[in-house]
Amino acid sequence: MLSEIVNRRSIRAYLPRLVSRADIETVLRAGALAPSSKNRQPWRFTVTLGAKKEESLAAMARGLEEEARRPLLPESARHLGGAIQTLAVMKQAPALIFVTNPMDRDPRQALNADERISELCNAQSLGACLENMVLQATALGLGSLWICDIYFAYDALREWIGGQGALAAAMALGYASEAPPPRPRKPLEQLVEWRE
């Protein structure tokens, strides 16, 4: 597994080659096997291929247009261009997986302390799920991109998916047509404080 961790890359260019249903299910199974707080397993997957993928892309495009007119994320407006570029990447990928958390609420709702702790635990669980998925994709020779730019089109995508729970992330999946170099990482000495 260390080789998958070392070799994993965020892929933003894909070949026009379909991914088998069996490989997609293997990636999903890896996600579903992730550890989760209180074993809540706060994830549901919506896999989009073909015409349904095109529908999801149209929903994202509508959401990005709405975000440009009336921002849900006004303090992040400078990143809207990146979300538009992400949409172009999503168009290339033969498969898109939307990950929702059926236990969470709309992110605009106020939370009490218990709900906030639960939300943080679920976010950690979802991160483990998505990491398992990208590592499994790498092991299968697939490229993937863990996508958070969906938040710029949150309402439109959530409505398209069906409005159940909170939209957590998306993942583009396919065969890479690029081989980006590793990105620089901070030295471990800057990240760790030893207390003995």
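This report describes strand pairing, a helix contact, one cysteine and the aromatic pairs of a predicted model.

## Basis of the values

The model is predicted: local features need pLDDT of at least 70, side-chain atom pairs count only at pLDDT 80 or more, and totals for chains, interfaces and linings use all residues. Residues are numbered from 1 along each chain as its sequence is written, and side-chain values use heavy atoms, with hydrogens and water left out.

Helices (H or I, at least four residues) and strands (E, at least two) are DSSP runs, numbered from the N terminus.

Strand E4 covers residues 166–174; nine of its nine residues are buried, so the strand is largely enclosed by the rest of the structure. Buried means under 20% relative accessible area, exposed over 50%, and partly exposed in between (1.4 Å probe, protein chains only).

Strands pair if DSSP finds at least two bridges between them. E2 (residues 95–101) runs antiparallel to E4 and is joined to it by seven bridges; here Val99 stands opposite Ala169 of E4. E3 (residues 143–147) is also antiparallel to E4, with five bridges, and Trp146 has Met171 in E4 as its bridge partner.

## Packing of H3 and H4

Helix H3 (residues 50–69) packs with helix H4 (residues 80–92) at an angle of about 170°, the axes being 11 Å apart. Axes are lines fitted to C-alpha atoms, for helices over the stretch in contact, and angles run from 0 to 180 degrees between N-to-C directions. The two helices are therefore roughly antiparallel, a class for angles over 145 degrees.

The contact (heavy atoms within 4.5 Å) includes Leu57, Met60 and Leu64 of H3 and Ile84, Leu87 and Met90 of H4.

## Cys121

Cys121 lies in helix H5 (residues 113–139) and is partly exposed, with a relative accessible area of 23%. Leaving aside neighbours within four places in sequence, Cys121 is in contact with Ser37 and Arg40.

## Aromatic pairs

The whole structure holds two aromatic pairs. Rings of Phe, Tyr and Trp (its six-membered ring) pair if their centres lie within 6.5 Å; planes under 30 degrees apart count as stacked, over 60 as edge-to-face and the rest as tilted.

Phe98 and Trp160 form a tilted pair, 6.3 Å centre to centre with 55° between the planes. Phe98 is buried at 0% relative accessibility, whereas Trp160 is partly exposed at 24%. The Tyr151 and Tyr154 rings have centres 6.1 Å apart and planes at 10°, so this pair is stacked.

How values were computed. Parallel < 35°, antiparallel > 145°, perpendicular 65-115°, else oblique.
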